[in-house]
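Subject: Structure for your files

Hello,

Here is the structure you will be working from. Notes on what was found in it follow below.

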Amino acid sequence: MIANDQLWMSKALQLAHRGIYSTHPNPRVGCVIVAENQVIGQGWHQKAGDPHAEVHALRDAGSNAKDATAYVTLEPCSHFGKTPPCADALIKAGVKRVVVAMQDPNPKVAGRGIARLQAAGIDVTCGVLEQEAYTLNKGFIKRMCTDMPYVTVKLAMSLDGRTAMASGESQWITSSAARQEVQRLRAQSSAVITGADTVLFDDAKLTIRSSELGLDQELTDLAMQRQPLRILIDSNQRVPLDKAFYQSPYSLTVSGVDKPEKLKEQQAWLKLPLNQQSHIDLNTLLAKLAQDYEVNELLVEAGATLAGAFVQAGLVDEFAIFMAGKFLGSSARPLLSLPLDTMSQAINLTIKDIRAVGDDWLIKAFLAA
């Protein structure tokens with residue numbers, strides 16, 4: 001590795017991060033082209049169907065790209081998709097060296113882009129800031145490697161671990177700053193999933209709202225071009241069709257019954273067989289979301305029952321727990337429906353991050369290895 005490789009790759013990762021709300025189902029990728037220790041071109045992938053990061057950066061650099069070094073956060077593609085291969089664009093531009101953060105896990109690429117560059121006589125270095133690149137595209141990588149989405153369960157609770165009053169009243173446990181953070185979590189997700197009770201009690205829509213994102217105008221505009229797929233698990237069709245959830249387009253209801261005739265055409269319906277407990281099998285559903293809907297990152301915004309079901313099924317990759325400085329009392333509803341009887345059954349978590357969000361706290365946690 002050459003001095004300053006990490007510096008320029010860090011710059012490329014910052015650019016890639018700007019695509020966090022808009023590239024679905026593609027990965028977030030940034031590219032910086034450097035000559036004589038100066039950036040001469042830069043770019044990032046904005047949305048599916050648009051030019052990839054390398055193309056933007058090469059256009060920015062123009063003829064100066066010849067004999068320069070390109071820093072790319074993900075292996076340049078080697079196949080024709082909606083756009084031509086980026087490896088070919090780099091070769092044609094005459095770059096001398098390409099530094100890659102990580103190999104692309106997509107079977108259509110998977111080392112072929114690097115091999116093509118090397119065959120053209122380009123010096124390739126791979127693995128610079130690899131972990132940072134992996135984290136940025138954790139959902140895409142998991143889908144490519146396992147055919148399952150990356151699942152984050154978002155929870156909001158009081159200091160005594162309660163999510164709603166006994167009546168179901170829950171608005172609002174957390175502050176407006178925390179709700180803004182949730183809007184951004186939704187916006188970066190491929191899909192958001194909830195259960196019938198949440199829609200019935202809270203009249204939840206699960207949409208993202210531009211006024212609540214708190215982003216710069218460019219990122220806000222990109223985010224609003226792509227609402228995440230809104231998914232409702234309603235095994236026995238308990239949610240009336242006049243609920244707010246069905247008044248916005250682009251939703252998917254997962255149920256054990258047939259699609260009602262009165263449901264609007266823009267609202268999709270997926271009928272799946274129910275298990276012995278008359279519930280949707282979550283493993284089957286997630287595999288279908290990855291395969292048929294190209295869902296990289298799935299955000300679970302649900303009540304204690306559905307959130308607990310994801311935990312019991314071992315399908316949770318990450319928890320985002322918002323904690324408010326208030327008590328709701330012993331009769332209020334618990335964080336998860338998770339019947340455990342002994343300490344030996346306790347589910348251990350590894351807390352990776354705790355930070356203040358307005359008057360609340362956000363806890364990022366993972367299942368302990």
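The C-alpha centres of domain 1 and domain 2 are 34 Å apart. Domain 1 covers 4-136 and domain 2 covers 147-367, with bounds that come from an automatic or database domain assignment. This is a predicted model, in which local features need pLDDT of at least 70 and side-chain atom pairs count only at pLDDT 80 or more, while totals for chains, interfaces and linings use all residues. Residues are numbered from 1 along each chain as its sequence is written, and side-chain values use heavy atoms, with hydrogens and water left out.

The contact (heavy atoms within 4.5 Å) takes 11 residues from domain 1 and 17 residues from domain 2. About 1,300 Å² is buried between the two domains, and carbon and sulfur atoms give 50% of this area. Buried area here is the accessible area (1.4 Å probe) that two parts lose on being put together, summed over both. Of the area that domain 1 buries against domain 2, 57% is supplied by Arg18, Tyr21 and His24, more than by any other three residues.

Side chains of opposite charge can pair when their charged atoms come close. The whole structure has 18 salt bridges, each being a side-chain nitrogen of Lys or Arg within 4 Å of a carboxyl oxygen of Asp or Glu. Three salt bridges are found across the interface of domain 1 and domain 2.

Arg18 forms a salt bridge with Asp216 (3.1 Å, N to O). This pair links distant parts of the chain, 198 residues apart: Arg18 is in the loop between α1 (5-17) and β1 (30-35), and Asp216 is in the loop between α8 (196-202) and α9 (217-224). Helices (H or I, at least four residues) and strands (E, at least two) are DSSP runs, numbered from the N terminus. Another salt bridge joins the side chains of Arg28 and Glu297 (2.7 Å, N to O).

**Annotated site**

The UniProt record, an unreviewed entry, has a "binding site" annotation on His52, Cys77 and Cys86. Its positions are given in the numbering used here, feature names are shortened, and annotations may be inferred rather than shown by experiment. The three residues span 35 residues in sequence, yet no two of their C-alpha atoms are more than 9.2 Å apart, so they gather at one spot. His52 is in the loop between β2 (38-44) and α2 (53-61), and Cys86 is in helix α3 (residues 86-93).

Regards
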